Amino acid sequence: MINFKKGSSSIQEKTMNPQPYNAYQVAQEQFDQAADKLDLSQAVRDLLRQPLREYHFSIPIRMDDGRARVFRGFRIQHNDARGPAKGGVRFHPQETADTIRALAMWMTWKCAVVDIPLGGSTGGIICDPHDLSALEQERLCRGYVRQIVKNVGPLSDIPAPDIMTTSQHMLWMLDEYEAIQGGKYPGFITGKPVDMGGSLGRSEATGYGVIITLREALKEQNLAPDRTTASVQGFGTVAQHAIQLYQEMGGTVRCVSCWNQEDQTSYAFTKEGGIELDELQPITDHFGEIDKDQAQDLGYTVLPGSAWLEQPVDVLIPAALENQITAETVEEISLRVKFLAEGANGPTTPAAYQVLEKQGVQIIPDLLANAGGVVSSYFEQVQSNDNYYWQKDEVLGQLDVKMTSAYVKVSEFARQHEFSFRDAAYMIAVDRVAQACADRGWV
């Protein structure tokens, strides 16, 4: 049973000597706030405030031109008290260990809030796949597995795709793992191609999960989706499927933004009457980058990337990177905005949270809003281990049930105890993990 204290101190804006954004510090602040409200013991705080295990390693590979090059990789396991660790592997040129630590912690809470028997982990490689050939990316994936093979597996830690990694990357990793282990272990990794043991509905799941939770939030306010408008940051898999389902429910997306690799900046795209997926998808590459010249030819207005945040809409959906809504940028948000559904991990800083909550914006936090991805990964893991695969309707139906159930539990807790929706989600998640650690006798 949850025990908590009212009136705990809130996270304060740091106005003196501002420090560069650090996702891990933000994740720890979020945990501290939940721990204060739950009145957790010091031992539990010490255990959950940092990862259980970390692996940092070098990955030497041979480039296409014959040169040897060494990349840095990570796998960080935050907590596995409730089940095997689960989390993505991302490729990013600015990747840091602290970002991986934060993502691993957030994954622990994400699995707990939707009540699936998994813990949290995350991995990454410091690289830019834009600059690597397909063969070089394959060597990098196989090298990653060789460095971490003793510390991951279907019963201990199951990787999945994340930023700039795909089902093809996962298949290369699976093949290397199976070659080393000398057997077939399809449950080792999720996000695989469907015809190689992946799950139908996996690509839609994260974006659909965002909109399922938004649907429930709108329902509580007696708002029909077809009476609302939205602005979306990002145009990758998550954003595209979120837009698809939102539009199928009648909603209108006024603006979408994405990164442009050639110009090394982001752009926002708007169109009178709303954007149209069928127009934009054919002119979008597999990194989610919209060709701005072709978009203009189709009648879209191209604006600076930050314009997505300034739109006079009802719903904001950040579905790209962390640290996008900050103490500075939050002031650009229209007062018309009433809902923030976090499709990305950690897109809103604690200081910005406070501003939005004071303005009455309902925040569906990342640990719940984008949990559809790990829910479907769990479904894929179950299917792979059973060697029995579900139909797409069953996967998406079970996803809807799981996401709706989690939303209702958080909403009921928030109303019953007079906490914000975000605080309620964190408290439920942290309490479940803390209880599992106590039941195991760890603390």
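Modeller: Let us begin with the contacts, bearing in mind that this is a predicted model. Among contacts in the protein between residues at least 6 apart in sequence, 71% join residues at least 24 apart.

Biologist: How many helices and strands does the protein have, and what is its radius of gyration?

Modeller: The secondary structure comes to 14 helices and 12 strands. The radius of gyration is 21 Å, close to the 22 Å that the globule rule gives for 443 residues, so the protein is as compact as a globular protein of that length. Along the principal axes, the C-alpha atoms fill a box of roughly 60 × 55 × 50 Å, and 58% of the 443 residues count as buried.

Biologist: What is the mean pLDDT of the protein, and over which residues is the pLDDT below 50?

Modeller: The mean pLDDT is 94, with 96% of the residues reaching 70 or more. Over residues 6–18, however, the pLDDT is below 50, and beyond near neighbours in sequence this stretch has 16 contacts in the model. Where pLDDT is low, the predicted coordinates should not be read in detail.

Biologist: Which residues of helix H10 are buried, and what do they pack against?

Modeller: In helix H10, which spans residues 350–358, the buried residues are Pro350, Ala351, Ala352, Tyr353, Gln354 and Leu356. The buried residues of H10 pack against H1, strand E11 (339–341), strand E12 (362–364) and H14. Just after H10, glycine 360 takes a positive phi of about 85°.

Biologist: Where do asparagine 222 and asparagine 323 lie, and is each of them buried or exposed?

Modeller: Asparagine 222 has a positive phi of about 55° although it is not a glycine, and it lies in the loop between helix H6 (202–220) and strand E6 (229–233). With a relative accessibility of 68%, asparagine 222 counts as exposed. Asparagine 323, also not a glycine, has a positive phi of about 60° and lies in the loop between strand E10 (315–318) and E11; its relative accessible area of 25% makes asparagine 323 partly exposed.

Biologist: Finally, which residues line the largest cavity?

Modeller: The count comes to 1 cavity of 30 Å³ or more, and about 30 Å³ of space lies in the largest cavity. Its lining consists of Gln30, Gln33, Ala34, Lys37, Arg422, Asp423, Tyr426 and Met427, and the elements that give two or more residues to this lining are helix H1 (23–38) and helix H14 (421–439). The lining residues divide into 3 nonpolar, 2 polar and 3 charged.

Key
Residues are numbered from 1 along each chain as its sequence is written. This is a predicted model: local features need pLDDT of at least 70, side-chain atom pairs count only at pLDDT 80 or more; totals for chains, interfaces and linings use all residues. Side-chain values use heavy atoms; hydrogens and water are left out. pLDDT is the predictor's confidence in each residue, from 0 to 100. Contact means heavy atoms within 4.5 Å. On a 1 Å grid over the protein atoms alone, a cavity is a set of points where a 1.4 Å probe fits but cannot get out, and a pocket is an open set with protein on both sides within 12 Å along at least five of seven lines; lining residues have an atom within 4 Å of a point. Grid points are joined across faces, edges and corners, and a volume is the space filled by probe spheres set on the points. Helices (H or I, at least four residues) and strands (E, at least two) are DSSP runs, numbered from the N terminus. Ala, Val, Leu, Ile, Met, Phe, Trp, Tyr, Cys and Pro count as nonpolar, Asp, Glu, Lys and Arg as charged, and the others, Gly among them, as polar. The radius of gyration is taken over C-alpha atoms; the globule rule is 2.2 Å times the number of residues to the power 0.38. Buried means under 20% relative accessible area, exposed over 50%, partly exposed in between (1.4 Å probe, protein chains only).
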